[in-house]
Amino acid sequence: MEEPTELFKDLAHALVQALDAWAATVGQVTDTARRPTRAGLVAELERERLEFERAGRSRKKIDLPLLSYWLKGRDQLLPGSKKNRLPGQEDCAAIARALRHKAPDSARELPKIGTEIEDLARRLKEVAGPGWRDAVLASLAPATVAATPPVPEAPALPATPEAPPKPGRRWRRWQFAVATALAVGLITGTMALRSGASEGAGAGDSASAADLKGDHRCGRVRAVGAVSWKPCTSLSENSLSFVVQLDNSSSRAITVKVRIGYVRAGAAHDCPAPWGTAQEVTIPAGATVTSPRDGCTAPRVHAQAFQAKAFVVEKNASDWGYREYSPTVHIQADGRPVWAGQV
């Protein structure tokens, strides 16, 4: 296959994140004694399908082998893997109905994930043709291809005769954190532009957890392990600020490496050091921080278009991997801002 285009890489990256979000969401709700087992979930899905059939309606069958295949996340796209269908909108709606009482939060997110997967798969096929599945993982940076990040170390719970530590507790806690970061963060970010994020109120090289206020837009959410992130562009009277918001859903502090730039009238521009080169940021457990507004700025020039461009990778990563953009803001000749997609 020819060298993949930037559009194909963008779509491929979004698809593997959506598939991982699906696997994390369904996996964590079928992994405890209080939730439906996978076999129980499949039985409920089959009961509903037969009811639909008797009523003259149809729905594709979801059996245990297919469910297990979908729970592989992005690994179902590995070259040589069986090419079953991917979980689409109809499949996710059916699973959401089966989970609505015992896992209502997951049930609300699944249809959004299914819509995203279906749309991305359709667009990838349009861009690359029938063989697109074999090229998805190969088109991504090596750091992005790894399907599951390592389980973070956490302090062991003290063992007592009354309450011995449970071997699976740490794993489930981490798995739930990943599901939250990927399913909630990713899908909210990819299905709609998010506002009301956080800003860096400080200066220089320190990140802050203050609220991002005023006129701003943020791009789709990406993830580096348990850290979800998104680039944002914020407007003030005379300038634009380009920032990155980072959210740590895990139970320990995580350090990542950040690089920010921006695009003006189609031309890429680097920001000053340290944010424009390589800035390490430590996000406390369960916290959200954002780079400082004055870490990367540009004058508000009329009749120009701007958007933030950012990279976030693991602290010791050797290359920058995937980049993400904020929505474009078009500064009109009269100074009025019009965001991409704004009517």
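Arg 123 is partly exposed, because its relative accessibility of 31% falls between the limits for buried (under 20% relative accessible area) and exposed (over 50%), taken with a 1.4 Å probe on protein chains only. The residue is part of helix α5, which spans residues 104-128; helices (H or I, at least four residues) and strands (E, at least two) are DSSP runs numbered from the N terminus. Outside the four places in sequence on either side, Arg 123 has contacts with Leu 7 and Leu 11, a contact being heavy atoms within 4.5 Å. The C-alpha atoms of Arg 123 and Phe 8 are 8.7 Å apart, although 115 residues separate the two in sequence.

The model is predicted, with local features requiring pLDDT of at least 70 and side-chain atom pairs pLDDT 80 or more, while totals for chains, interfaces and linings use all residues. Residues are numbered from 1 along each chain as its sequence is written, and side-chain values use heavy atoms, with hydrogens and water left out.

Because Phe 242 belongs to strand β6 (residues 239-248) and Tyr 262 to strand β7 (residues 254-264), the pair ties together parts 20 residues apart in sequence. Phe 242 and Tyr 262 are both buried.

Charged groups also lie over rings. Arg 57 is placed over the face of Phe 52, 3.9 Å from the ring centre, and the charged end of Lys 257 is over the ring of Trp 320, at 5.4 Å from its centre. The criterion is NZ of Lys or CZ of Arg within 6 Å of the ring centre and within 35 degrees of the ring normal.

Two backbone features occur in loops. The peptide bond from Ala 273 to Pro 274 is cis, with omega near 5°, and Pro 274 is in the loop between β8 (267-270) and β9 (279-283). Ala 303, not a glycine, has a positive phi of about 60°. This residue lies in the loop between β11 (297-299) and β12 (304-314), and is exposed at a relative accessible area of 53%.

Grid points are joined across faces, edges and corners, and a volume is the space filled by probe spheres set on the points. The count is 2 cavities of 30 Å³ or more. The largest holds about 40 Å³, and its lining includes Tyr 69, Arg 133 and Asp 134. That lining comprises 3 nonpolar, 3 polar and 4 charged residues, where Ala, Val, Leu, Ile, Met, Phe, Trp, Tyr, Cys and Pro count as nonpolar, Asp, Glu, Lys and Arg as charged, and the others, Gly among them, as polar.

The second largest cavity holds about 30 Å³ and is lined by Arg 259, Ile 260, Gly 261, Asp 270, Lys 309 and Phe 311. Strands β7 and β12 each give two or more residues to this lining, and β7 gives the most, with 3 residues.

Notes
On a 1 Å grid over the protein atoms alone, a cavity is a set of points where a 1.4 Å probe fits but cannot get out, and a pocket is an open set with protein on both sides within 12 Å along at least five of seven lines; lining residues have an atom within 4 Å of a point.
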